[in-house]
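Let's take a walk through a protein chain together. Keep the picture in view and look for each part as we get to it.

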Amino acid sequence: MLRPALAGLGLLLSVSGSALATDPAATPTTSEDFIRALKPDRPQGDEKPRTRGLALGTGDTTAAPTPAPAPAPASAPGYGTPAPQPKAAPRISFQVEFAFNSAELTPKATGILNELGRALTSPDLAAYRFQLTGHTDGVGNPDYNLALSKRRAASVRDYLTRNFGVSSGRLVAIGRGSQQLLDPANPASDVNRRVEIVNLGS
């Protein structure tokens, strides 16, 4: 028997570098909040690092080629330093409530999803794809929780597709059940019941 607490499923959207992602009091409530949180720092299509061009030579084909620089010694600063890691995908968290023991969205849930839908169809986010991953708490049968998490993630996807025309190809819905608890020390905590949404890029 599942506890009534399973009626709510939080929605965790992935957004780095934003106060909304770290401050629980800064819960997103408008489409503008979602756009600020989910829009990547780098402009769309600007995937390569920017470089300056350098023209070599004067047109004299008899000139000797410029020798390649000698490799830096092992003691040189920065030698062997790994390349910087790419930034984490944008993410943010907020709550989406469901009816007890089901994937039916509550009126409160549809209110926040309406704001998300407006954000996803805005020019700022319309070119990106997102993954929705459902999570439950650690209470109850693991197999049941896995199936429930999949249904709830799919319910969010279907709502956005049906009501805002978001292409199903832009939204991937999967479930993890209770496999990845956000607070493993408190398996029954509300924070574990969530859907994670990650910006997958274009």
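This is a predicted model: local features need pLDDT of at least 70, side-chain atom pairs count only at pLDDT 80 or more; totals for chains, interfaces and linings use all residues.

Residues are numbered from 1 along each chain as its sequence is written, and side-chain values use heavy atoms, with hydrogens and water left out.

Let's start with the overall layout. The chain has 4 helices and 5 strands; here, helices (H or I, at least four residues) and strands (E, at least two) are DSSP runs, numbered from the N terminus. Read from the N terminus, the order of elements is β-α-α-β-α-β-α-β-β. The chain has 202 residues, and 36% of them count as buried. Buried means under 20% relative accessible area, exposed means over 50%, and partly exposed is in between (1.4 Å probe, protein chains only). How does the chain fold back on itself? Take the contacts (heavy atoms within 4.5 Å) between residues at least 6 apart in sequence: 80% of these join residues at least 24 apart.

Now for the helices. Two packed helices are described by the angle between their axes and the distance between the axes. The axes are lines fitted to C-alpha atoms, for helices over the stretch in contact, and the angles run from 0 to 180 degrees between N-to-C directions.

Find helix 2 (residues 31-38) and helix 3 (residues 107-120): they pack at an angle of about 55°, with their axes 8 Å apart. That makes helix 2 and helix 3 oblique to each other. For angles, under 35 degrees counts as roughly parallel, over 145 as roughly antiparallel, 65 to 115 as roughly perpendicular, and the rest as oblique. Their crossing is right-handed; a crossing gets that name if the near helix is turned clockwise from the far one by less than a right angle, and left-handed if anticlockwise. Who touches whom? On the helix 2 side there are Ser31, Phe34, Ile35 and Leu38, and they meet Ile112, Glu115, Leu116, Arg118, Ala119 and Leu120 in helix 3. By class, this contact has 7 nonpolar, 1 polar and 2 charged residues. Ala, Val, Leu, Ile, Met, Phe, Trp, Tyr, Cys and Pro count as nonpolar, Asp, Glu, Lys and Arg as charged, and the others, Gly among them, as polar.

Stay with helix 2 for a moment. Because 6 of its 8 residues are buried, helix 2 is largely enclosed by the rest of the structure. Ser31 sits in this helix and counts as buried because its relative accessibility is 10%. Ser31 and Ala119 are 88 residues apart in sequence, yet 4.8 Å apart in space, C-alpha to C-alpha. Leu38, in helix 2 too, counts as buried at 0% relative accessibility.

Helix 3 has another partner: it packs with helix 4 at an angle of about 65°, with the axes 10 Å apart. This crossing is right-handed as well. Among the residues of helix 3 in this contact are Leu113, Leu116 and Leu120, and the residues they meet in helix 4 include Val156 and Tyr159.

What lies inside? The largest nonpolar core has 25 residues, and Val96, Leu113, Leu116 and Leu120 have the most contacts inside it. Such a core is a set of buried Ala, Val, Leu, Ile, Met, Phe, Trp, Tyr and Cys residues joined through side-chain atoms within 4.5 Å. Helix 2, strand 2 (91-97), helix 3, strand 3 (129-135), helix 4 (142-164) and strand 5 (194-201) each supply at least two residues. Helix 3 gives the most, with 6 residues.

Finally, look at Leu105, in the loop between strand 2 and helix 3. Leu105 is buried, with a relative accessible area of 16%. Leaving aside residues up to four places away in sequence, Leu105 touches Val96, Glu97, Phe98, Thr110, Leu113, Ser155 and Tyr159. One of these, Ser155, is found in helix 4, and Ser155 counts as buried at 16% relative accessibility.
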